[in-house]
Amino acid sequence: MTSNSKAKASSDRIRKIEGGLRGASGGAASTGFKGLDLGTSHLVLATVKDDQEHYQKELHAFVSIPYSKMTKSMLEREKIQHRVQRPNIIAFGNRVDEFANILGGSTRRPMQTGLLNPNEPKNIELVELALRSLCGKAKPGEKICFSVPSPPEGNESMLLFHEESVRSVLEGLGYKVRTINESLAVVIAELQDFDFTGIGISFGGGMCNVCLSYLGLPVVTFATTRAGDYIDEASAAVTGESATTVRLRKEDKDFDLFTDDNPSSIDRAMSIYYREVIQTVALSLERVLNNTKNLPPFKGPVPIVFSGGTSLVGGFQKELRKAIRKTSLPIEISEIIPAESGLNATARGALVAAMLEG
Ligand SMILES: Nc1ncnc2c1ncn2[C@@H]1O[C@H](COP(=O)(O)OP(=O)(O)OP(=O)(O)O)[C@@H](O)[C@H]1O
Ligand SMILES: [Mg+2]
């Protein structure tokens, strides 16, 4: 099966399931739709071209430095995305880290813990800059679905502001816009063989998002705010290293959780905070599910599928299994499996949801 036929097959399958995704209607073609994972650390755009799914990933970060002709021509020569906003130049996208190191600018992040960053005064302007470049203007009738997190407890009003602000940017580019919960998107992308019934967890940079889905309907969704950025910051604080140094080590292929007998202080700190992030998700899942009345009539044990950049580290699956095993859940878990497309699952689920709106 080609990757395109998987997205199309997922949208067809959901339609067939009684009660499927809320708002699903009509027949889907495979072009004229985009799925956008609007993440704290990365943006991922899923599109379909020539019967194949395509994924484009950008770092969701910016560097602002004083304008000079020399800097501008350097950026052009190096093909680094940028916009002149005198008296500054704002560079953005995948090579921002490198650029920040060369020119000594500090990296700015328009989002924090899954939502627009309240400490970045130009948050929505920066998001607009990135989305204009990544998504471009819509063709007539083109639809886009973007992912939104579950609001952290007590921050529901922040989610509304975030969602409406981003929606108006995308509508300004001409798209017909809908949203999907990030972890429901993971279920839609990965659990087709289970009739979209199970638990999807996205371990991201700013948040871990969790959804228990029954036939593609979100029964329970929630998020925790200890994720990749927390591991970086907490490990940096106890080792005296910078959060960037920690992050680069964390993303190094050689780093595994709890495998080294004599780990460096950074590796030890990261393993400890990783365990905390995983346990926080497992304990929250236990608490939230046990507090949920009237769970649907699951016919048997359900799978957990996990995705997101934070889940890519060696030893992650083992730690997650261990943490889930220690909990006492009101439903039985059959297996705990990694997403087929760790960094693309949310964007793929959003693409399927956009097709359902067709
Ligand atoms: N290969 C890797 N190994 C370990 N960690 C990684 C790897 N690649 C990325 N990460 C970490 O994953 C996190 C980003 O994950 P992801 O791109 O899924 O988040 P996001 O979707 O942007 O954020 P969120 O969902 O929280 O809004 C960062 O903390 C990054 O350091
Ligand atoms: Mg994410």
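Trainee: Which side chain does Glu251 meet in a salt bridge?
Mentor: That of Arg247, at 3.4 Å, N to O. A salt bridge here is a side-chain nitrogen of Lys or Arg within 4 Å of a carboxyl oxygen of Asp or Glu. This is a predicted model, where local features need pLDDT of at least 70, side-chain atom pairs count only at pLDDT 80 or more, and totals for chains, interfaces and linings use all residues. Side-chain values use heavy atoms, with hydrogens and water left out, and residues are numbered from 1 along each chain as its sequence is written.

Trainee: Is Arg247 buried or exposed?
Mentor: Arg247 is buried, at 17% relative accessibility. Buried means under 20% relative accessible area, exposed over 50%, and partly exposed in between (1.4 Å probe, protein chains only). Glu251 is partly exposed at 49%.

Trainee: Which residues form one network through shared partners?
Mentor: Glu163, Glu164 and Arg167.

Trainee: How many salt bridges are there by this rule?
Mentor: The count is 16.

Trainee: What does Lys250 pair with in a salt bridge?
Mentor: Asp232, at 2.8 Å from N to O. Lys250 is in helix α8 (residues 243-250) and Asp232 in helix α7 (residues 228-239), so the bridge ties together parts 18 residues apart in sequence. Helices (H or I, at least four residues) and strands (E, at least two) are DSSP runs, numbered from the N terminus. Lys250 is buried at 11%, and Asp232 is buried at 5%.

Trainee: And what about Glu78, which residue is its salt-bridge partner?
Mentor: Arg95, with the closest N and O atoms 3.0 Å apart. Glu78 sits in the loop between α2 (69-77) and β5 (82-85), and Arg95 in the loop between β6 (88-92) and α3 (96-103), 17 residues apart.

Key
Chains are lettered from A and ligands numbered from 1 in the order in which they are written.
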